[in-house]
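Colleague: I am new to this structure. Please show it to me, and then I will ask about it.

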Amino acid sequence: MQTGQSMISPYADHLRVRVCGICTRGEAVLLVRLRGVGRGEYFWTPPGGGLHFGETMSAALQREFLEETGLLITVGPLLFTGEYVAPPFHAVEFFFAVEVVGGQLIIGHDPEVAVQQIDQVAFVPFAQIRQEVPAHLHGLFAHCQSLSELQQLRGFFTFHP
């Protein structure tokens, strides 16, 4: 796994609780592309991030969407959960349906990391997602082959590196 020093410090060697949003438009899903994260040159993932102590999941997801994408959202129902374990990283992730209610799509940032890692934010057609190398995608995409399958995912999943 390629990890820069900027990633190891805030995220390694402790359990993180994360919230992520599934936001769709037509046949596309909103994703952020991170550089220097994961096993490849880049990594596509739904927007989201870690909870702060005392912060609700809805508030955290709204904050993360604004930071990473510039979009204001409403948080819908919990869709599914997952666990990612690849030492030194361990995260439990909660995925919610979200709807855009304002803002403007931008390439945002992660204030917890010193080096800018987000280099693209886009509604990515599912056909394009299916053409990506698995190492360049969040592990949730191993559990669905279409946008409708993604929207119907329920339960608990293990996301492998």
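Predicted model: local features only at pLDDT ≥ 70, side-chain atom pairs only at ≥ 80, totals over all residues.

Colleague: In what order do the strands of the open sheet lie, and which are the edge strands?

Modeller: The open sheet is formed by 5 strands with mixed pairing, in the order S5-S1-S7-S6-S9. An edge strand pairs on one side only, and that holds for two of them. The edge strands are S5 (48–50) and S9 (155–159).

Colleague: How do S6 and S9 run, and which residue in S9 does Tyr84 stand opposite?

Modeller: Strand S6 covers residues 71–86 and is joined to S9 by 5 bridges. The two strands run parallel. Opposite Tyr84 stands a residue of S9, Phe159.

Colleague: What angle does the direction of helix H2 make with that of S6?

Modeller: Helix H2 spans residues 57–69 and packs on the sheet. It touches strands S1 (15–22), S5, S6 and S7 (89–103). Its direction and that of S6 make an angle of about 95°.

Colleague: How far apart in sequence are the parts tied together by Glu93 and Arg18?

Modeller: Glu93 and Arg18 form a salt bridge, with the closest N and O atoms 2.4 Å apart. Glu93 belongs to strand S7 and Arg18 to strand S1, so the parts that this pair ties together are separated in sequence by 75 residues.

Colleague: Is Glu93 buried or exposed, and is Arg18 buried or exposed?

Modeller: A residue counts as buried under 20% relative accessible area. Glu93 has 5% relative accessibility, so Glu93 is buried. Arg18 has 13%, so Arg18 also counts as buried.

Colleague: Which residues are linked with Asp119 in a network of salt bridges?

Modeller: Asp119 forms a salt bridge with Arg33, the closest N and O atoms being 2.9 Å apart. Asp119 also forms one with Arg35, and there the closest N and O atoms are 2.5 Å apart. The network links Asp119 with Arg33, Arg35 and Glu41.

Colleague: Why does the pair of Asp119 and Arg33 tie together parts that are 86 residues apart in sequence?

Modeller: The two residues lie in separate strands, Asp119 in S8 (residues 118–125) and Arg33 in S3 (residues 28–35). The pair therefore ties together parts 86 residues apart in sequence, in strands S8 and S3.

Key:
Residues numbered from 1 in each chain as written. Heavy atoms only, no water. Pairing = 2+ DSSP bridges. Helix = DSSP H or I, 4+ residues; strand = E, 2+ residues; numbered from the N terminus. Contact = heavy atoms within 4.5 Å. Axes fitted to C-alpha atoms, helices over the stretch in contact; angles between N-to-C directions. Salt bridge = Lys/Arg side-chain N within 4 Å of Asp/Glu carboxyl O. Buried < 20%, exposed > 50% of the residue type's maximum accessible area, 1.4 Å probe, protein only.
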